Structures are given as structure tokens and as C-alpha cells.
There are 2 protein chains.
Amino acid sequence: MLRYDDQVKMLVAVDCVVMGFDGQELKLLLIKRGFEPERNKWSLMGGFVRSDESFSRAANRILEELTGLTGIYLEQLHAYGNPDRDPVDRTISVAYFALIDITQYEKQLSNTYDAEWVSLSKVPSLIFDHNRMLRQARKEIKYKAANHPILFELLPEKFTLPQLQMLYEAIYEVEFDRRNFSRKVLSTRLLVKTDEKDKESSKKGAFYYRLDKEEYDNKFRAFLNIIPNPDKVI
Amino acid sequence: MLRYDDQVKMLVAVDCVVMGFDGQELKLLLIKRGFEPERNKWSLMGGFVRSDESFSRAANRILEELTGLTGIYLEQLHAYGNPDRDPVDRTISVAYFALIDITQYEKQLSNTYDAEWVSLSKVPSLIFDHNRMLRQARKEIKYKAANHPILFELLPEKFTLPQLQMLYEAIYEVEFDRRNFSRKVLSTRLLVKTDEKDKESSKKGAFYYRLDKEEYDNKFRAFLNIIPNPDKVI
DNA sequence: GCAAAAGTGTTCGGATTACACCCATGT
DNA sequence: ACATGGGTGTAATCCGAACACTTTTGC
């Protein structure tokens with residue numbers, strides 16, 4: 001039997017930066033770590049990769065085990081491998097980020113699991129290098145969302161243009177012109193207007209839109225340029 | 001002593017997609033693998049991560065061991081972890097890509113090492129998932145170079161605008177308008193004109209430019225938009 | 001003189017921006 | 001009726017793309 005001799009083996013973990021939007025602000029899904037070291041400290045959704053698993057399968061499994069969430073948008077972010085990132089044993093971690101619609105999962109979560117949504121402006125100190133992962137994930141999302149329609153993953157199936165704009169404004173921490181924003185978004189042809197209106201947040205009410213799934217799949221990798229003055233914002 | 005029990009440990013490798021430009025076309029640096037399995041098959045520059053090494057240190061060390069190259073531009077590309085990607089043992093790989101100026105290293109290489117430059121249009125079948133890594137690296141470079149000035153790593157210290165344009169055209173496999181290209185590039189203020197001319201490739205001769213190092217560091221992460229019609233090309 | 005490649009200028013059109021006005025509705 | 005937020009329109013501007021002409025020099 002062939003073998004690679006004298007090579008060091010390492011533990012391989014996956015950590016997921018799960019972000020959500022509740023209609024007002026961006027939130028991060030955290031969990032109280034259930035084992036030593038750092039038990040009861042705040043942590044991203046993480047776990048070890050099993051012997052027969054790919055990274056993405058591991059990420060999906062871990063997310064489901066910890067939160068019950070399945071079938072959500074996951075993307076590999078970066079691999080972290082500093083020798084001292086885990087004090088117990090040499091552990092490398094492949095970080096993923098996920099974007100989800102909070103409203104769809106909020107109740108389900110708080111009852112069954114130890115996971116909790118935390119406002120992005122109030123994220124506590126996390127274990128290991130998880131704060132660094134979060135920082136990089138936020139940067140990557142900003143970067144990517146400027147050109148690609150990934151943020152729709154954060155919204156419910158039906159959403160209004162003002163809601164969409166609030167989301168973009170939360171990500172980029174700036175305000176956009178309402179009229180130019182709607183024109184730009186609608187010009188992508190990604191959205192389909194429905195007959196219904198959201199009467200919650202205004203008297204007039206705002207029309208609900210939904211994604212044109214086909215167009216969305218087509219243009220997922222296209223350049224959209226939704227953000228004004230991207231080089232000033234990012 | 002604290003330990004994580006019952007967790008699988010894996011071998012961790014680093015593989016480098018090293019690309020270069022010889023003034024005419026893009027090339028990839030390959031090596032004949034020196035050990036089993038797949039001995040004497042073509043491979044990217046790869047090796048195992050040591051117990052006290054970060055990924056980027058490992059990548060730099062491996063590149064130096066195999067080619068003698070030091071201090072070159074390296075960027076993490078993606079982590080690959082399919083259970084069956086290495087038939088011998090469960091091995092995950094963190095891929096990096098590197099961009100270098102071929103002319104600076106060409107002779108040095110061919111004498112001392114087994115590494116070889118291969119035209120990107122004639123890349124042979126590589127071991128494991130290395131062809132996939134190459135594909136992803138090419139895509140990432142296209143993507144990134146459309147907005148960021150990373151391609152200067154592929155050129156000698158002094159270069160002409162026609163050379164720079166040839167490089168961009170090689171990457172994107174399209175031809176650009178000479179006049180618009182030079183205006184765009186010069187408007188970035190990244191280049192400094194020198195007094196010298198390259199008289200090799202034309203009768204009139206083209207002025208050499210060099211990078212403004214300070215501006216380059218400042219604008220390395222800026223959006224430059226050098227490529228016309230990026231959504232059609234990428 | 002002429003061919004070949006480099007360098008500079010101009011025009012046109014579409015996209016982006018800034019801004020004003022109208023609409024629907026609950027109070 | 002009026003305040004509030006949603007929807008639509010328009011003029012000014014900027015930037016990118018297309019294109020023409022001049023310059024240099026080896027042959």
C-alpha cells in the first residue's frame with residue numbers, strides 16, 4: 001500500500017458565516033460553543049470535516065445540525081491555516097458564508113437550537129480567528145454584491161423595492177437615491193412586479209416584486225453595477 | 001491535555017498555479033512530479049504543509065524549493081477537499097495562484113530545476129484535480145484583472161503600452177482599441193513614462209513605462225475598469 | 001518615398017446622476 | 001386636507017466607444 005510518509009496530518013474544520021436581514025438591519029448567526037476549549041464562548045457555526053465528506057457537504061451538514069437550515073446559499077470564502085489559530089491542536093478551517101432570509105427561519109431557530117441572531121453592529125468577541133473570518137466575509141459580500149445579485153438570498157420571496165434598497169443601504173452603510181435605485185434594479189429585468197402591495201410600512205403601500213428565477217440564474221454571474229460610485233463605497 | 005477525540009486528520013497540501021507572460025503569450029509553470037503516485041506526470045507546483053507553517057509560508061517555500069523563485073505575488077484561490085481527489089490518502093489542497101515576469105526567471109529555471117513553462121493553449125492533462133485548479137485560476141485572474149491592476153506582476157520593470165495591451169488581450173482573448181486602451185491605462189496615473197524607447201518591435205519605437213510604486217500600492221484594491229464591455233468578456 | 005507601428009484628438013451615444021413633480025391613502 | 005412615503009419623468013453631465021489623423025523611422 002502506497003503512503004505519504006513523514007507528513008503531518010491536521011484536523012480540518014468548516015466554519016460558516018451566516019448572515020441575515022430582518023427588514024431593518026443585518027444580523028449574524030452565532031452559537032454558544034458546546035465543547036472545550038472555549039466552551040460557552042460565542043462562535044460561528046463550525047465543525048469538523050468527516051472522512052468521506054467534501055467541504056461543501058460538511059458545511060451543509062454542520063449548518064443543518066446546528067440550526068436546522070437546509071438548502072441555503074453557501075459559498076467558500078477562504079481557508080485559514082495559521083499554526084496557532086487553534087490552541088489545542090493543529091486545525092485548519094475552510095470558511096463559508098451564507099445568506100438567508102431571517103423571517104423564514106427566526107422562530108424555528110430560537111426554539112430548537114442554541115443559535116442566535118446578533119446585530120452586526122453588536123457582534124461580541126468570537127473564538128479563535130472567527131472575528132477575522134467575519135470581517136473578510138463582510139468585505140467579500142460588499143465586493144460581490146456590487147456586481148452580482150447575491151443579496152436576493154437575504155430577502156423573502158416577495159419583497160418591495162424600498163425593502164431591497166434598505167438592504168443595500170445596510171450593506172454599504174450609505175443612502176441611495178430612491179428613484180435611480182429603482183430604475184437601475186428594474187432595468188436588470190430580474191424582478192417581476194406582482195399585484196399585491198405591502199401596506200405595513202406606508203400608507204400608499206409598495207408593490208411586491210419577486211425574482212424572475214430564470215433571469216436570475218442567467219445573470220447570476222453577470223455584472224450589474226447596482227451601487228453608485230462603487231470605488232468610493234467599497 | 002485537551003484533545004479533540006474521534007476526529008479525522010488529513011494531509012494538507014498547497015498547490016500553486018504559476019502563470020507568466022513572455023511578451024507574446026501566457027504560459028503556465030509545470031513540473032514533473034517526483035514521487036508516487038503519478039510520478040513523472042505533469043503537476044502544478046505543490047507540496048505538503050508542515051506542522052509549523054501557515055498556508056502562504058508553505059506556498060512560498062514550495063515555490064522556492066521547486067523553482068528558486070522568491071518574493072512573488074501569491075494569492076489564495078480556493079480550497080479543494082473532495083474525498084477522492086487524491087487516491088492514496090485523504091488530502092486536501094489549498095490552491096494559490098502566482099503571476100510572474102517570465103523573462104526574469106526563464107534561464108535560471110531551465111538549468112537548475114525540472115520546472116517548465118508550457119503555453120496556456122497547450123496544457124497537458126495534469127494529476128488529480130490540477131486541471132480544475134488551473135481553470136478556476138484563469139477565471140479568477142480574468143475576473144480580478146478587469147478591476148484591479150494585478151497584471152503588472154507579469155511584466156518586467158520597464159514595459160511599453162503595446163506590451164501591456166498584448167498582455168490584456170492574451171488574458172481576455174479579444175482585441176482592444178489601442179487609443180482607448182492607452183488613455184484608460186494612463187488615466188489611472190499608475191504609470192510613469194521614461195525617456196527610453198523599445199526599438200525591438202517597431203521602427204518608431206514605443207516608450208517604456210514603469211509602475212509608480214506608491215500609486216500602485218494605493219490603488220491595488222481600487223476599481224479601475226480597464227476592460228471594455230466587461231460583462232461580454234468575462 | 002513608403003510601409004508599419006506609435007502617439008494624440010474629436011465626436012457621438014448611452015449611462016449615471018441630480019433633481020421635481022405626481023399619486024395613493026390613513027389620519 | 002394634509003402628511004407620508006411610493007412611483008415616474010427629465011435635463012445636465014460624464015464616461016466609454018468608435019473613429020481619423022499625424023509622427024517617427026527603417027527599409
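1. In this predicted model, the bridge partner of L11(A) is T91(A), a residue of strand 6 of chain A. The pairing belongs to a parallel arrangement in which 11 bridges join strand 1 (residues 9–21) to strand 6 of chain A.

2. Strand 6 of chain A also pairs with strand 5 (residues 73–80), here in the antiparallel sense and over seven bridges. Within chain A, E75(A) stands opposite F97(A) of strand 6.

3. The burial of strand 6 deserves attention. With the cut-off for a buried residue set at under 20% relative accessible area, 11 of the 11 residues of strand 6 (residues 91–101) of chain A are buried, so this strand is largely enclosed by the rest of the structure. Both of its faces are covered. One side carries T91(A), S93(A), A95(A), F97(A), L99(A) and D101(A), and the other carries I92(A), V94(A), Y96(A), A98(A) and I100(A).

4. As to the chain as a whole, chain A has seven helices and 10 strands. Of its 234 residues, 51% count as buried. Among contacts in chain A with a separation of 6 or more, 66% are accounted for by residues 24 or more positions apart.

5. The last point concerns the two copies. The same surface serves both copies, and 100% of the contact residues of chain B recur in chain A.

Terms used
Residues numbered from 1 in each chain as written. Chains lettered and ligands numbered in written order. Predicted model: local features only at pLDDT ≥ 70, side-chain atom pairs only at ≥ 80, totals over all residues. Heavy atoms only, no water. Contact = heavy atoms within 4.5 Å. Helix = DSSP H or I, 4+ residues; strand = E, 2+ residues; numbered from the N terminus. Buried < 20%, exposed > 50% of the residue type's maximum accessible area, 1.4 Å probe, protein only. Pairing = 2+ DSSP bridges.
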